[in-house]
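Dear colleague,

Please find below the structure that I am handing over to you, with its sequence. My notes on what was found in it follow directly.

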Amino acid sequence: MSLILHSTSPFLIPKYRSPSNPIFCSPASSYKVATIISSFGSLAIALSLTSPLSSLASFPFASQNFPISTTPYSQSQSLNLGLEDGKIRPCPSTNPGCVSSNPKSSSFAFPLAIPEDFLENPVQKLRDAILRTQRNVKFEVDEETPFGRYLQVEVDGGFGRDVMEFLVKKDIVAYRSMATKVTYIYPFTTALGDSKGQEERMNKIKVELGWYSPSFESMDN
């Protein structure tokens, strides 16, 4: 028996000629052989695509890092606390009502100045004033740093819990007061906040202490 390759098919279809019968095998038999060969061809292509070594499995966009879009809401969920370069941080742009004595803050407030008569144990005086003027006070951090004494305090606010931070250094107290969580109402992108609550809180503490802080009004006089 001899093997003949039929070249008019998309695949090379083998046909067999018998020495005793020079007639080709039936078309049905040829179709079965072609089907088997085409199946092997499809399997080979599939293996080449799934192989980690195949260049066919490497797509240009597979290794690209697409940027993740951020929204004011997603940014507000990340609350950075603690000192930054030895200073109280400025207010986040996504936290309305926040006040900070950091000059870089858009909601700037002058730091507290401790009168000379109150310089003895000012941190304890500050703690006592917070307890007397705020609700559900929880002192989270009270530690000495190379930049001064740092306090972090949680209290009840207008829309949940608020956080206050203080840095006491000699006769100056830098601070920041803001909400721990920010509320957004769809589809608005401006957060709801207690616009004057943080400022009023700090004024209560200042009056309770008998300390003072300069103001733009006093500087004009």
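One aromatic pair is present in the structure; rings of Phe, Tyr and Trp (its six-membered ring) pair if their centres lie within 6.5 Å, with planes under 30 degrees apart counted as stacked, over 60 as edge-to-face and the rest as tilted. The pair consists of F108 and F110, and it is edge-to-face because the ring centres are 5.1 Å apart and the planes stand at 70°. F108 is partly exposed, at a relative accessible area of 31%, whereas F110 is buried, at 17%. Buried means under 20% relative accessible area, exposed over 50%, and partly exposed in between (1.4 Å probe, protein chains only).

Please note that this is a predicted model, in which local features need pLDDT of at least 70 and side-chain atom pairs count only at pLDDT 80 or more, while totals for chains, interfaces and linings use all residues. Residues are numbered from 1 along each chain as its sequence is written, and side-chain values use heavy atoms, with hydrogens and water left out.

A further ring is involved in a contact with a charge: the charged end of R127 sits over the ring of F139, 3.9 Å from its centre. The criterion here is NZ of Lys or CZ of Arg within 6 Å of the ring centre and within 35 degrees of the ring normal.

Helices (H or I, at least four residues) and strands (E, at least two) are DSSP runs, numbered from the N terminus. Not counting residues up to four places away in sequence, F166 touches, among others, L126, I130, V173, M202 and I205; contact means heavy atoms within 4.5 Å.

Strand β7 is mostly covered, with seven of its 10 residues buried. It pairs with β6 in the antiparallel sense over nine bridges, where two strands pair if DSSP finds at least two bridges between them. These two strands form a hairpin with two residues between them, and V155 has D162 in β7 as its bridge partner. On β7 and β8, which run antiparallel, eight bridges join the strands; V168 has V173 in β8 as its bridge partner. The hairpin of β7 and β8 also has two residues between the strands, and K170 takes a positive phi near 55° there.

Two residues deserve a separate entry. T145, in strand β5 (residues 138–145), is buried, with a relative accessible area of 16%. Its contacts, leaving aside neighbours within four places in sequence, are L83, Y150 and L167. A polar atom of the T145 side chain lies 2.6 Å from the backbone oxygen of G148.

D156 is in strand β6. Leaving aside neighbours within four places in sequence, D156 is in contact with R135, N136, R161 and R201. D156 and R135 are 21 residues apart in sequence and 5.6 Å apart in space, C-alpha to C-alpha. The side chains of D156 and R161 are joined by a polar contact of 2.8 Å, meaning a pair of N or O atoms within 3.5 Å; within protein, one must be able to donate a hydrogen and the other to accept it, and residues adjacent in sequence count only if both atoms are side-chain atoms.

With kind regards
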